[in-house]
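These notebook entries record what I looked up in the structure shown below.

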Amino acid sequence: VASEIADIAPEGAELDGSILPTINGEFAGEIVAGAFGPFNTGRVGGGSCVLRLEMRDGSPFDVRLKFLTSGPPHIVLRDARALAAWVEAVGAPPTAGFTALGENLWIAGCGKRVLFDLRTHEDHRGLSEVIIVNVRVERKTHA
Amino acid sequence: MPDRTDYAFMVCTVADLGKTAVKTITRGVDGSLTKKDYDLVVRWKFSPTAVESHEAMAAQLRGLALDRRKMVVMGEHVANLDLGKPHLRRWADSAHATLRATPRGWIALDLDDVVVPPGMGKPGRLIDAAVHVRDKLLPTEFVETQMIVTPTSQSGLRGDDVGRMRLWFALDRAVPLADLKRWVVGLRKVNDLPVDPSVIQAGQPIYTGRPVFVGMADPISPDMHAVVVPGFCADTVTLDVSAFDAQAAVIDRAIKQATRAAVTYAPHTAVTHVPATVTYPRYVAGGDWRRLLDMTLGVNGFFAPLTQALGLAARTAAMIDILSFAEALLAERADSGRRLQYNAAWIRRTVERFRQADERSQAEIRSLHARIFGGQSNG
């Protein structure tokens, strides 16, 4: 119940998840260069990135992910777990700030096939958003 | 759907050395009661069990009441699990699950501190209290339906007009656990009945053993460990699992709307340092739990508004302020039964529970952020 209490619309939050197709399951993906950085709506804050997924048919699909570091506690916790799973999976060192974190994740992910377990669900505004449930790494078998 | 059986369940036996599945209740020299919670048991042995009558189920429950190392869960074991070995109780993560949800033809309603007519809270009147709950407080499909009554650990210890009990009903069909749980959540929300929905999961313990009592005798006599109470209308309940969906949704929407109106977010600070100078989360339920409670208490029931507002208040307000405001509003809007149910001790416990949960999640956030950002700026 505690987490439900905080499930309030953060005014000014981006609505870019509204046209997402449903993405559920494990997808290989990589960060789109330069697309990892901080954001701050004044009410919630954190970092966002664009992840290029390899869809089932092999086509690429870009999805924006957001990670709150301030805002409703249950979302901050969920996003911290997702980021920590990503950092650990690729072996990225800790770093200051989202921009540097994005670089570290990108560098540490090079040469690895990073698999993101993703879920699409409706947020409290009825908009679709994609979240990371888990991250794991498979060694690439080809160049 | 599995073959229909009135009562099919999993008996779980403690496999950790020196641990039990019962509480310990100690009466001090001043008469006060101290409760020691259940041991943290890691490994259990699973025994699928099924019986086909109320009497046979009651016999099972009487045996379980005297066994300190056993409890039951509603789920079934996953395929190919070696039942000869002990296992963890896992059911949420399908990859590592040892138990899974399956439709069941029975339901156990855990009543915690339900207000009953004066005198019915006494240990010897457990059955009277249970009949009162079944025929006066539960939905009509339960009225005069056969049931099994079992005590819970604090039956008879909560006051003359406060009942604690577990009522077991057979259903006329097997129902998925998710539907049963949704129904119980709705019942609690719409009818303001203190029923615990958490036990309706594949692996959540339904503790069946009588506690260890120290310095006192068990107030519940053995002949009341499991009693079949006849029903003149039916042997089974025809449950409408969607009965509360619409009303519960209306309550949820109303409370959410009121919460949204009452809550503000603190401005985000652009640059912070983790973990030294940041109090996590940098989110403040700044506003107005009082306004939220004022807008919803009594209008949208009592349990949901109280828990929602107390959850907000727990983050920002002093206990004394929370108690005085909530009690004043309850005195104005609630009948005597509800005032007793949602008394100062309940409010205090609820607030403390929220605070502990918040502390746990904040500690985890701090730890995770330290691993991600290394104690540096994350802005």
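**Entry: a buried threonine.** I looked up B:Thr98 and found that it counts as buried because its relative accessibility is 8%; buried means under 20% relative accessible area, exposed over 50% and partly exposed in between, with a 1.4 Å probe and protein chains only. B:Thr98 sits in the loop between β6 (76-77) and β7 (99-100) of chain B. Strands (E, at least two residues) and helices (H or I, at least four) are DSSP runs, numbered from the N terminus. Leaving aside residues up to four places away in sequence, I listed the residues that B:Thr98 touches: B:Phe46, B:Glu76, B:His77, B:Val78, B:Leu81, B:His87, B:Leu88, B:Arg89 and B:Arg90. A contact here means heavy atoms within 4.5 Å.

**Entry: basis of the values.** I note that this is a predicted model, in which local features need pLDDT of at least 70 and side-chain atom pairs count only at pLDDT 80 or more, while totals for chains, interfaces and linings use all residues. Residues are numbered from 1 along each chain as its sequence is written, chains are lettered from A and ligands numbered from 1 in the order in which they are written, and side-chain values use heavy atoms, with hydrogens and water left out.

**Entry: a helix pair in chain B.** I looked up helix α5 (residues 289-296) and helix α7 (residues 319-333) of chain B, which pack at an angle of about 15° with their axes 11 Å apart. Axes are lines fitted to C-alpha atoms, for helices over the stretch in contact, and angles run from 0 to 180 degrees between N-to-C directions. α5(B) and α7(B) are therefore roughly parallel to each other, a term for angles under 35 degrees. On the α5(B) side, the contact is made by B:Trp289, B:Arg290, B:Leu293 and B:Asp294. α7(B) contributes B:Asp321, B:Ile322, B:Phe325, B:Ala326, B:Leu329 and B:Arg333.

**Entry: chain B overall.** I recorded 9 helices and 13 strands for chain B. Of its 379 residues, 49% count as buried. Among contacts in chain B with a separation of 6 or more, 77% join residues 24 or more positions apart.

**Entry: chain A overall.** I recorded 3 helices and 6 strands for chain A, in the order α-β-β-β-β-α-α-β-β from the N terminus on. Chain A has 143 residues, and buried ones make up 53% of them. Residues 24 or more positions apart account for 55% of the chain A contacts with a separation of 6 or more.

Key:
Parallel < 35°, antiparallel > 145°, perpendicular 65-115°, else oblique.
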